[in-house]
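Visitor: I would like a close look at the salt bridges in this model, and at what surrounds the ligand.

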Amino acid sequence: MTNKDILSVLKQETTSVDYERFLKQLNYKKNMSDDNVAVFEVANKYIANWIKTKYTNTIQQCFETLNGSKPKIDIRLTGEKKKTKKEMVEQEKACTAESTMLNPSYTFDSFVLGPSNQMAYNASLAVSKKPGIQYNPLFIYGGTGLGKTHLLQSIGNSAIEQGKTVIYVTIEQFMNDFTFSIKSKNMEHFRDKYRKCDILLIDDIQFLSGKEQTQEEFFHTFNELHNAKKQIVMTSDRLPSQIAGLVDRLKSRFEWGLTADIQIPGLETKIAIIEKKSELNGIELTRDVINYIATNLDSSIREIEGVLIRINASANLLNQEINLELAQSLLKEQIKEQKENIKLPDIITVVAAELNIKPSDIKSRKRTAIVANARRVVIYLARELTHNSMPDIAKFLGMKDHSSISHNIKKANELIEKDENFKLIIENLKNKIINKEW
Ligand code: ADP
Ligand code: MG
């Protein structure tokens, strides 16, 4: 098998831009390779990192196609010495961790800018250009489905293009990795991985809540990276100060750099996002359909994307064009289905977890301000998200009189009008319940 054979398969399997810019420069070293390892050389570290991160799996598949083998892929700089077996294993671990996690379509280019996300976008862009210098750490927070992961991975994709070593993980993966390293007594590998990168991207850091040992380990990771002027970026659904069960020294560190929020997009931004997404997915929408979706879906972009895909699939199945009528009937059906799927106990579970009280308190007779507020939130959401009548809700919560239900709903509406924080909490809860994220 020659270099030419491999390149011709790669050419078919990849985009022409990637192939012409990078992959074409791969040089297969047959005399250095064997059944287990395929060695390639390229001219510089930038190209090597880029290909490793994005195309290791594809190159492996080429070998599978050509001769049924599945060697490890070793990409070196021209003239570099042969790696030891141990180095190969380390490299392989690092590569799979990085490459499997970044979604190449999450880039700054595919992110639509608007007043609701401008600050987070600008800060992310600045960090990707000059990591470790200006905002360290960068802490991005906001409701679910509003683009936090998209921005975080845009930083990652852009940094990889610049030849930087990037680690992207959710805090849950960090935790699993940590637990696994303790069990397998391989802390050295774990620490090397997390403390020797140029940029550490941690998604959904709010789940550190209550995990004391992981917090301790993350504290040291954070300090080491920060001291070495390496960039740390985190996302969360709330501010550090509002993450219950997070030790104070982490809370304060998370606020050392810049905290930037992403809010629910306004109508114009929603329209622009729908246009961008439909263009990227080759879906043709008329102006009235775009406006209809933008005005009728109000909280999460993830939900909007789901609707676009559904509309497109239906139109294809029915072999018809996407028109307003189709959009309306699908959306109505979706809202109806959603309402049937959401149960009152689920609402209590989510609200209690978010507001940090016991689920049983909500149905109790307690009248403390915290419990009364949580009960009000449950009542409001029950009315918004389910088909239950006011008497049904009163009965479920053990309240005698359903007039207090309407009173609570009125009060909640007033708060939404004048209290930005309350509004945010409600939106966030709504998304979690609709998306079944608990
Ligand atoms: P989060 O991490 O905040 O829950 P995601 O980053 O997963 O949200 O975003 C959900 C979906 O919405 C993704 O597919 C993402 O591409 C899309 N999205 C969110 N905001 C934007 C935006 N401003 N421009 C383009 N796409 C967006
Ligand atoms: Mg996310």
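Visitor: Which residue forms a salt bridge with K29, and how far apart are the closest N and O atoms?

Guide: K29 pairs with E41, and their closest N and O atoms are 3.9 Å apart. A salt bridge here is a side-chain nitrogen of Lys or Arg within 4 Å of a carboxyl oxygen of Asp or Glu. The two residues are 12 apart and link distant parts of the chain: K29 sits in the loop between β1 (27-28) and β2 (37-42), while E41 belongs to strand β2. Helices (H or I, at least four residues) and strands (E, at least two) are DSSP runs, numbered from the N terminus. With a relative accessible area of 6%, E41 is buried, whereas K29, at 22%, is partly exposed. Buried means under 20%, exposed over 50%, and partly exposed in between (1.4 Å probe, protein chains only).

This is a predicted model, in which local features need pLDDT of at least 70 and side-chain atom pairs pLDDT 80 or more, while totals for chains, interfaces and linings use all residues. Residues are numbered from 1 along each chain, chains are lettered from A and ligands numbered from 1 as written, and side-chain values use heavy atoms, without hydrogens or water.

The whole structure holds 21 salt bridges. In one of them the side chains of E20 and K24 meet at 2.9 Å, N to O. Both partners are partly exposed, E20 at 42% relative accessibility and K24 at 43%.

Another joins E333 to R310, with 3.6 Å between the closest N and O atoms. E333 is in helix α14 (residues 324-341) and R310 in helix α13, so this pair ties together parts that are 23 residues apart in sequence. E333 is partly exposed at 40%, as is R310 at 27%. Elsewhere, R191, R195, E217 and E224 form one network through salt bridges that share partners.

Helix α13 (301-318) also takes part in the shell around ligand 1: α6 (148-161), α11 (267-280) and α13 each supply at least two residues. The shell has 18 residues, and V112, G145, T149, H150 and E305 are the closest; a shell residue has a heavy atom within 4 Å of the ligand. Oxygen atoms of ligand 1 lie 2.7 Å from a side-chain N or O atom of H150 and 2.8 Å from one of K277. Because domain 2 (118-262) and domain 3 (267-338) both contribute shell residues, the ligand lies between them; the domain bounds come from an automatic or database assignment.

Conventions. Polar contact = N/O pair within 3.5 Å; in protein donor to acceptor, adjacent residues only side chain to side chain.
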